[in-house]
Amino acid sequence: KGPSSARPLPLPAAAPSEPIRCRPPPGASLCMDRCHLCRRVLDPRTDVITKNGKFSSCERCAELLRAPPCQACGKPVRNASRTDSEHYHEQCRRCKSCYQVIPKEDVVKLAGHLLCISCDNLFGKFLLPKHRSQAERLKEAFEAWDIDQSGCIEICELRRVIKALDPDFADRDLGKLFSMLDVNRSGVIEYEEFCAWIMKGMPMHVEEDSFEAFVAGLMRSAGTAAQQADMEIVEVQLRPDGLLFVRKCGTEHFVTRSFTCEQVRLATIDPEEFISKVECTEAGLILTMNTGRDAIMPGQGRLFGPWQAPEGFHIVGLRTKPADAAYAPGMPASSAPEPQSHPPSVHRRSSPDVRTRSMVRAKTMPGNEIENMNRASVAGSVPLERCRPKRATVVETPKEGAALSWNSDGEMDVVVGIDLAPLPAAKSYDASAALRFAAEHDFLYTLQRLLAKAAVDINGFGPGGVTALMLAAQHGNVGALRLLLGSKANISIADPDGWTALTFASRCGQTTSVQILLDKGASQDGDGGSALHEALRHQHNSAARALLRAGFGPMPQGTFAVEDPVDTSRFELRPPIAKPSGSVFSSPVVVELLPGTDPPEEEEDAEGEADDEDPEAREEREKERKRKNSAKHARLANEPPVRVLYTLDGRDPAIAGRRYRGPLTLDAPRTLLRAVAVQGNARSSVADQLYVVCHYAMPDDVVSGELKARAFPEAAETLAAGLAAALGELPERVRVAPRETEGGSGGCWLRVPVLDPRPRHCVYIDRSFATVRGNKLKDFIDKFRSDILQATGHPPEDIDAHADLRAGRSTHKAGSIAIEFSLARELALEVKLQLDQASSFLLSKAKLRSLLCDGHIEVVEPLSNRLQDTELMAGLHKALGKKAAVEEVLGFGSMQEGVVAIAMPRSEVKKIKGHLPKAIQAALPNIEMGEVREGPDELDLEYTVDVISGRREDELRDGARVVKELNDDGFSETLMSELTCLHLPLQVAASSRATSRQLSRLEFHLEWTFPQDEGGQLKRDFLDGICMIYCGGTLAQVIDFRSAHEDRHTHDGEETEDAATLCRSIQRAVQHSGDIMSDTGGEHRMFLNLDALPPSVTDLFLVLAAFDSQHLSLFPNPCMEVHDIASGRLLTSYHPESVEHSQAVVMCSFTKDPDYGKWVVHGLGYQTEGNAKDYEPIRKTIMARCQGGYSRWSRRQDIVKLRALHKCKRLTFSSTNLTARFLWHILDMPVNVFQMVVLWL
């Protein structure tokens, strides 16, 4: 065996993919013995055979049976010296602190551990300094430990030295060691205790149940199992098609195709050997054995390593990843370039001085940090790039000297790490490597025990930069994955290539692991989208769907819509219809998605021919129509249903959409709803709707007018709802203000408010009441109350259980149990729902579940439904008509509240007024009534309609269109028809024509109340109402109380003439009233003229700040109101939820929406510091939370516009300078890569 023992062999006749095997010598019999260690065929004519029971050994292996074991790995040491008390292999003799190989002559044994000379010089003074007197040695060692010179050693001082000497020493064992040294339990280690401890032969040995012994026991079991399964590596083959590891059992493990050679080369591993280190240099693949032998295998390929096996482990394979080369992954292997040798100028190892400095620093670092530094020193010379998508078709020339290879999936790979296995008889094991090994092989018991000790860094990287969570996710070990996540493993940590655990799981198609990681919060920001990229590359569709459902995928449609133009001619279905369509809303909006309907088929117009048509022809035509209808119904019955898919984040719903199953409630400030209809393989085009939800949306036009109605004031809200329905507007945008007319026609309305505060419901149980009556009744009622309380969260009241004696009921027999009780109607509906579900609480866990399974509930109708009952109102009309001349009786309401109104002549009121409550009580029992009110029979109604212009259902809606509808002669009939549908049949007529005006002048009203001192007296103090005006991301002007009498310019940037002109324009549009004080508080008013506001203004922020006080919590109830100056109408108001101890609060913003061009009010309530004396903290808060988007767009807009021009063929390449070429390469990037560049900007 020389330093280069890998011997070249001629290429066999067999295919290169078949493994190379050793053949018996010519003439040998098939029944000849084999050595049970090296598995070589023994020839009795030439070999010396040693019999050991039923096993046979060759002469060379027989020496190993007599050789002493290595103190570190447990393997036999060949040619061991008999004079040595302890035997080690060359690569096993390592320093406990820095883990460097120690020459035999430089070994220093200290505290039971091996140390190199440098570490001995560093730590020797802590244990046994080299002095003549033993007393002096102990005294100097004690002083070295006692860094604060307190005369005793504390646990922090003990930890400092022990952790430096043995980085893997567990904190749990450190506590045990300290307790063992502190004999007198004083909490510190005194000098006598230190001397008794340091003189031990193994001072750092704790107990048999130490963490080191615990890990060793677990790993020895795994290593022994692998040894018994003959999983050790016995041969490494480097061939023209890649690198192959051969196990002792005969199985082959194909490692990588990234390193090859022209001739087959073999490296055999002796029974006492194992691979402890691997690296690839210009000289070739170097395998370092534990005995110190290097097997050098020349070849061509990418450089990697060096990677050292941790303590107690050996290398059994290499880990690979796809490499991002210049060829598309779909190309055949024959089209890949031939491997080339690596010139020294192409791939260089790290310089010796860098490696030396790294190792010197690593002497005081834990083992994991040493591995990371070794990996980082090589990663700088051999970068691992991201993989190109499978659909890429760009072909470029490979770099000079780059060796590209293709794996079995048709893609290039590169070695990024090593696979490890524990040695069966090692003295100690690296705890972090043990954790990663248990996670990789799903050894749940071992993993659970290791995590329970809490002595291992769960996020520690192994050789090549992989964590335990990544290995568990890659192999789909769900149990190990849950254990690691339950122990707070970092889900977002990435390897040197930016891959997270989610990326590894997606690449291997581990759908369950992907879903678990997504549920725990894995996001696309962790790996930059590589997870979805790898799932699609390897066609793991289920994992890709899980990622798409979680929000992974392409960027929302917008600037990049030109990248993928849609051909709408191939869409067979009509797009879905969203109701209401996208617009600006002042409250959360409920949206319904309906499948698009085909236009109705045109029927033949037979008008005018019916009289002259022959009866037989008419009958034939009717049969043909029926035949077509039946054929259409049969076709629809056999077709799959039309489904609607939607997204709310701007992605394509056909790729990442969710199925629509019911109305959607949208409450985000901006939501892009995209929907598509799908039926089998057919689909529709994408329907886009943008919904903006704000505190208040400023209308473009205000339409006003007057109506005269035979109605009463309580009906104003219902009249507004009817008017909104007749105009097709939202109810929140229509207001109706009643005004009683003077004089009148001699009639009046009597109104009685009614309330049903405690509706009574009844539960019927089809069991005889005799089973619960008597002494059992009280216990039965208590159980019923307890069951309803646990089912709904509220106890029923006034429970009355009795026998239902009404016969002839179809639901249950006479004499069954009837339970009447009072409960809110929505809670009674919950009881009804539970009585219909077998798995509900009432039917599965309730105390009366055996009885309730035969019961049902009759929920009393809401009072509003009973008031709309025509028969009930007719009966009340008949009863009251006996006392006086009653013209009309109406009832309407909402849920449990309502009004009963009676129209009659004013002269008849006295006759009926006293009898009215009794009649209503008889018609509506168990309700409460208010006072009887009297009013005229006609009202003048002033209405206003806030119109937000836009296209709705293929027509343009604006103020002029609404005015035209209101002034139409038939609008009164339409309005009365809508009121009838709302169960309020009233007579309405227009008393004045509707007019329209633009809303241009507004008043912002900010008011506050003086704070109180400790004695309850009001303390006069000020709040400042401040308006900060922005043009995009730039502050243009500040309007405060000083603006009422000073000409001040406060803005970003330098003082220029343009800036001064803009400030003066803003001051003309926004004016401040100054301080308006009263005895209890103060107020500021700001007047805004939208017509005079400069077009460049985009945002106005209204701020309320304390002047002298340190925080706003001293001022009760600060409020902001917006009024229409023309009508004095309150448009909206805002009260911040909490101001706590902040000095200022950004109340709201008055913003021009960039999509719809409408002014909207957003309630903010952002707490901040600063006031009228110092605006800077307020400006920083506004910029960070509101205006940052403008600065981001200013940085990216130029490159995005150029990209759009390039894709539209409006940009040509006419310059050859470096900048132009570089920019052109950026514009030619794939869309996902270009989006990442834009996000980086």
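Okay, let's start with a helix pair: α26 and α28 cross in a right-handed way, meaning the near helix is turned clockwise from the far one by less than a right angle. Quick caveat: this is a predicted model, where local features need pLDDT of at least 70, side-chain atom pairs count only at pLDDT 80 or more, and totals for chains, interfaces and linings use all residues. Numbering runs from 1 along each chain as its sequence is written, and side-chain values use heavy atoms, with hydrogens and water left out.

So, the geometry. Helix α26 covers residues 870-881 and α28 covers 916-923; their axes come within 10 Å and cross at roughly 150°. That makes α26 roughly antiparallel to α28, a label for angles over 145 degrees. Axes here are lines fitted to C-alpha atoms over the stretch in contact, with angles from 0 to 180 degrees between N-to-C directions. Helices are DSSP runs of H or I, at least four residues.

Who touches whom? Leu872, Leu876 and Leu880 from α26 meet Leu916, Ala919, Ile920 and Ala923 from α28, contact being heavy atoms within 4.5 Å. That's 7 nonpolar residues, no polar and no charged.

Now the holes. The whole structure has 8 cavities of 30 Å³ or more, a cavity being a set of points on a 1 Å grid where a 1.4 Å probe fits but cannot get out. Helix α10 gives the most, 4 residues. By class, that lining has 8 nonpolar, 1 polar and 4 charged.

Conventions:
Helix = DSSP H or I, 4+ residues; strand = E, 2+ residues; numbered from the N terminus. Parallel < 35°, antiparallel > 145°, perpendicular 65-115°, else oblique. Nonpolar A, V, L, I, M, F, W, Y, C, P; charged D, E, K, R; others polar. 1 Å grid on protein atoms, 1.4 Å probe; cavity = no way out; pocket = protein on both sides within 12 Å on 5 of 7 lines; lining within 4 Å. Points joined across faces, edges and corners; volume = space filled by probe spheres on them.
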